[in-house]
Amino acid sequence: MSESLETVADYLAWGERRLDQAGLHYGHGTDNPRDEAVWLVCHALGWPPMLDHGHLAHRVTEAEAQAIGHLIEQRIGCRQPAAYLTRTAWFAGLCFEAGPQALVPRSPIAELIVSGWVAERLPPQPRILDLCTGGGSIGIAAAVYCDDARVVASDLSADALALARRNVAQHQVADRVTLVESDLFDRIQGTFDLILTNPPYVGRVEMDQLPAEYRHEPAAGLASGADGLDIPLRILASAVDYLNENGRLVLEVGNSARALEHLFPSISFLWLSFEHGGHGVLEMEYSDLVCWTPEFRRESAKRLKDVQ
């Protein structure tokens, strides 16, 4: 590090320049080099990723400088998401342990939970299913913000569930969040007032074009057939059997939203809007699923047959 750097402000400016010059891709908690530099510098200093003017004047010790430099250069050299380097990720205002066992939590469903949208649509003592939970962020956040809810959080990956188990313990919700190893609904029992799910939904072309940062995440958490809809269709085909009559499904399909509309032109999907960014999240009530499930099942069965 050839520059003369003394304060946190100096190291933030240096880190931002280094990250910007490296042409990194953001999308795992930040969307620009300045915020990424704040995250990494704060982590190296052992601080939460929030700064005020008093912090900026802090004079950095030699050991702190080495830690900052190592973390910034590691981010540039290996192109891992910052969440994996720091082992932390923020979701719905909560801090989670992050690791390569699961995707870095970043679903816009967080806004639905924090804003009260979820709680306003639930009866007393609701049952919530977080399908494809990964590290547990959606289900845990739902339990924290809906403090009388009972949550089942499921995933096919035992490694992801081990991470989720640590996050459940960290947020002290083990009495209300049950983790289940299941291939979608295969081992799910009972019915729910709400199903929240951020499943794999990335199509083949998009998978081939993903930046390096995303290639450090488990491909099984992203890839979902040619058009990204293989797994979402399996969910749509079965969700009605796991919802109460006043229940609803919230399903994220991201950039595969257009493909879903093209596949079912007669369905007017309800796409939710977000103030803080995000798209491709649909809501379907039980009555709508009753109406359209036969079409979803035909398409899903056709795809399964083609695979066989």
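The largest cavity is lined by His 25, Tyr 26, Gly 27, His 28, Thr 30, Glu 36, Trp 39, Arg 75, Pro 81 and Ala 82. The model is predicted, so that local features need pLDDT of at least 70 and side-chain atom pairs pLDDT 80 or more, while totals for chains, interfaces and linings use all residues. Residues are numbered from 1 along each chain as its sequence is written, and side-chain values use heavy atoms, without hydrogens and water.

A cavity is a set of points, on a 1 Å grid over the protein atoms alone, where a 1.4 Å probe fits but cannot get out; lining residues have an atom within 4 Å of a point. The count is 1 cavity of 30 Å³ or more. The volume of the largest cavity is about 40 Å³, volume being the space filled by probe spheres set on the points, which are joined across faces, edges and corners.

Helix H1 spans residues 8–21, 14 residues in total, and reaches 20 Å from its first C-alpha to its last, close to the 20 Å expected at 1.5 Å a residue. The expected span is 1.5 Å times one less than the number of residues; helices are DSSP runs (H or I, at least four residues), numbered from the N terminus.

In H1, Val 8, Tyr 11, Leu 12, Trp 14, Gly 15 and Leu 19 are buried (under 20% relative accessible area, 1.4 Å probe, protein chains only). They lie on the same side of H1, because they cover an arc of only 165° around the axis, taken from the directions from the helix axis to the C-beta atoms. Just after H1, Gly 23 has a positive phi of about 65°.

Note on methods: 1 Å grid on protein atoms, 1.4 Å probe; cavity = no way out; pocket = protein on both sides within 12 Å on 5 of 7 lines; lining within 4 Å. Helix = DSSP H or I, 4+ residues; strand = E, 2+ residues; numbered from the N terminus. Buried < 20%, exposed > 50% of the residue type's maximum accessible area, 1.4 Å probe, protein only.
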